[in-house]
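I am opening my notebook on this model. My plan is to look things up one at a time and write down what I find.

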Amino acid sequence: MSVMKLSMGPQHPITGHFRFILDVDGDLVLKLEPDIGYTHRGIEKLAEKRTYLQNLPVIERVNSYCDSAGTMLGYLEAIEELMGLEVPERAKYLRVIAAELNRIASHLYAACLFSVATGLETMLMWPINDRELVLDLLEKLTGQRITYTYQTIGGVRFDMPEGFKEEALKRLDYLEKRTEDYYKMLLWNHTFHMRTKKVGILKPSDAIKLGVVGPNLRASGVKVDVRKDEPYEVYDKFDFSIPTGKNGDSYDRLEVRFKEVEQSINILRQALKDIPKGPIKKWAPPIVPKGEAYTRVEAARGEFGYYIVADGTMKPYRLKMSPPSFRNLIALPHLCKNVPLGDIPVIYISLDLIPMDVDR
Amino acid sequence: MIPILSFSEFIELILKVLIFPGLAFPLLFAMIVIWFERKFLARIMLRIGPLHVGPLNRTGLFQPIADFLKLIQKEIIVPDNAYKFLYNIAPIMASIVASMSVAFIPYAPKPDGGYWMIYYTPLSLLVILAIFTARPFIMVGAGWASNSKYCTIGALRAALQLLAYEVPITLSLASIVIMSGTFDLAKIVETQSSIWFIILQPIGFIVILIAMMAELSRRPFDIPLAEQEVVFGWPTEYTGTQFALVMVSEYFDLCAVTSLITVLFLGGWSGPVIPLLNDISPILSGVFWFFLKMAILTVIIIMGRGIYPRLRIDQLLDTGWTLLIPLAIIQIIITLLTAQWWLPLVRGA
Amino acid sequence: MSVEEKVIESVKTRFPEDIIEAKVKRKNRVSISVRSNRIYDIGLFLRDELGFNHITSVSGVDYIDMNELEVIYTIWSIDKKILASLRTKIPRDNPTLKSLINVWEGVLYHERETWEMFGIKFEGHPDLSSLLLPEEWDGPPPLRKDFLLPETPQEKLEEKIKRAGGW
């Protein structure tokens, strides 16, 4: 029996900016050790040198191409908690709309990657086409496709443009219809079941013990969602459910994401219907009073935590980010013990890790 | 003894070797199928596919030629610690072996008796089977010679895959041989003149189609080449012309496989005589039907890439041994038990 | 009495000597400041008795003026829906702390990152090696305050304004 060290990545079709060091015996992976840090940009250190407002675009780039709106919300929450700032109601709704649209885009992207990991290229193209519809909507709302800097301290920067509501509702209807196709193509595909069911089973007890968050934790059957547990912005006003999985395998992790897309559509419909009139921004002083705050938001990949220590100047004394992918990363070596080599991409992609999110 | 050829026989041989079914045919087939595959899959995936290269506007008809020209301009990189002789010879071997099998396939009958094929032998089915079996060894050799980890894993997967599909192929060929009573492909086509074997042996057809998709490493069985797992499997290290040869050899193989299945199950050239083609040359009508059947099979095989995820190697072995082999054996048993009904249909003709 | 206050109360009664400060910060937030030598036992108590089971983050803060490093374990309780920050201060010159890897398995990468960024040595951690920084990194731990980034033009301007006596 001979064990081969196989270095997967950072230049590999599936790993992105990761490197996995695998111990391979034939076609069986005995151990996986992730090697991260290829996209480390030192954002936490950088943030200490920049003012709170200047930090906005930088922080957004922690998770830029997937979920920047959801990511930034936590930072703003923390600052507003320290300032004791009450954001106008309309701005809260707009923030939620941007975040939920971004969640849909992110989950569709996850579905694309997932089908690529199993080798089904058709389902790479279909959701990515439909993701473009959502990004178009976000462009109408914020002026940008992926990095918005839309939400700002004290509110949002632009109001909803004319005709946005009708356009959004139309596209949401289309997306809802389109999900049917995804179910037919991916989730009810027998070959896809063969590849993903009973692969990478994460038990609920293990998931909690390892500190896994977000859809991955919910797929294991643990009902944890910051939007319900401690509602921020206006999430307490919406009626939505938290989808959970049964088995905690790779298939469940994808299915939960699809169900979350449905819930997001649900939330968006309510938000677009209920959005009140009023100002969209409140003036905020550049100086944040002394203190510290820990806030959590439910970004697309899971709970995103921000810890800010403010020393009464314009710049944060310490900004700690606790991104979901970094916390989900620990599940990867846990799941990749004694699995076939062919399952490594499936397990890795099912956790929906984004290298930038892990490295910051 | 070297047979002395007359001038017309010589011209015919040159035609066969260089144009059809020899050199030009597999190349043209590869070119058209590569273009078709890209365009067809693009349509499935809601993309457009190749667009600009070629005569007709917005079709990208000459894209494969452009790709090939690009590839042959590239530098051939041989890894430092590769076993150079085997590494260099493997792509050439792969394309030669892949294109060899078309020499033994009868494409049409000639009006004066005999068949339009390069080399006639009464054991042509066995020869083709032997040629198919040779291909995985080239893969293993190339993977080993590259001296790269991903190549080695890909080569080992190719060898494992051989175990899964080779036995079902042989078993379902056995029931064909039982039914037709010969190893001669031309005779097998002749026996199908009244009824095609796909109707008499539907299970055998399905088994051989699935097994041949595995033989061709087409999705869902492209496990040795699985991009997401082993980069590109055994040909990972190849560049430039060598890579082009590897790619082309896959399509040569596709050509051989679709031809073989057409001959075995779809009645080869048999079909109503088309007067227009028959006027030009008597073999053309048969060739037309042959191409039509090949095209249908090619589309079916290509479609797998658009709608199926890839299987895992253990699942493929599982499918091969617990599903395909029993099915093939069942087909043999049915064939033997129902001899009294099919014998007058097949042998009597 | 709210759930948060109950948590504070039970920690205080169990470890009267070792708690420096324990308070409810706001709804769903408690902060427990402890002596560094007892952090392991208090962690075990929080996990087993009070149900703080879901590790959220481990972060360090460098208080260079007080010559201290603060380590903050943030743990979420799924049943109680409370976020507890378990914090302790250690001297900056010799920053060692008992690793809580046996309490919460999920701190594996969090502690490794804190070690890398602040130079805090976690005793008992299985693998304290470079995580995010390049392997050839041999500077001081980068998130400490005495690791200075090059001055930006804006900071130069601010410095100038400060020297000139403000705006």
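Where is the place of B:Met45? I found B:Met45 in the loop between helix 2 (24-44) and helix 3 (63-73) of chain B. Helices here are DSSP runs of H or I with at least four residues, strands are runs of E with at least two, and both are numbered from the N terminus.

Before going on, I noted the ground rules. The model is predicted, so local features need pLDDT of at least 70 and side-chain atom pairs count only at pLDDT 80 or more, while totals for chains, interfaces and linings use all residues. Residues are numbered from 1 along each chain as its sequence is written, and chains are lettered from A and ligands numbered from 1 in the order in which they are written.

**Entry: B:Met45**

Next I looked up its contacts, meaning residues whose C-beta atoms, placed from the backbone, lie within 7 Å. Leaving aside neighbours within four places in sequence, B:Met45 touches A:Glu121, A:Thr122, A:Met125 and B:Gly306. I then checked B:Gly306. It is 261 residues from B:Met45 in sequence, yet their C-alpha atoms are 7.5 Å apart.

**Entry: chain B against chain A**

How many residues does each chain bring to this contact? I read 23 residues from chain B and 27 residues from chain A. On the chain B side, at least two residues each come from helix 6 (149-180), helix 10 (227-230), helix 13 (282-307) and helix 14 (313-337). I sorted that side of chain B by type: 12 nonpolar, three polar and eight charged. Nonpolar covers Ala, Val, Leu, Ile, Met, Phe, Trp, Tyr, Cys and Pro; charged covers Asp, Glu, Lys and Arg; the others, Gly among them, are polar.

**Entry: chain C against chain A**

I turned to the other partner. Here 26 residues of chain C meet 26 residues of chain A. Strand 3 (54-63), strand 5 (82-91) and helix 3 (107-118) of chain C each give two or more residues to the side that touches chain A. Strand 3 of chain C has the largest share, with six residues. The types on this side of chain C are 13 nonpolar, 10 polar and three charged.

**Entry: chain A as a whole**

I counted 15 helices and nine strands in chain A. Its C-alpha trace spans about 65 × 45 × 35 Å along the principal axes. Of the 360 residues, 56% count as buried.

I followed helix 6 (residues 164-187) of chain A. Its 24 residues reach 32 Å from first C-alpha to last, close to the expected 34 Å. The expected span is 1.5 Å times one less than the number of residues. Among its buried residues are A:Ala168, A:Leu175 and A:Tyr182. The cover over the buried residues includes helix 4 (89-118), helix 5 (122-142), helix 7 (190-196) and helix 11 (250-274) of chain A.

Then I looked at strand 2 (residues 19-25) and strand 3 (residues 28-35) of chain A. They run antiparallel, joined by seven bridges; pairing takes at least two DSSP bridges. A:Leu22 stands opposite A:Leu32. The two strands form a hairpin with two residues between them, and A:Gly26 in the turn has a positive phi of about 70 degrees.

**Entry: chain C**

I found four helices and seven strands in chain C. Of its 167 residues, 38% are buried. Which strand is hardly covered? It is strand 1 (residues 19-26) of chain C, where the count of buried residues among eight is zero. Strand 1 of chain C pairs with strand 2 (residues 29-34) of chain C in the antiparallel sense over six bridges. C:Arg26 stands opposite C:Arg29.

Methods:
Two residues are in contact if their C-beta atoms, placed from the backbone, lie within 7 Å. A residue is buried if 20 or more other C-beta atoms lie within 10 Å of its own, exposed if 12 or fewer, and partly exposed in between; C-beta atoms are placed from the backbone.
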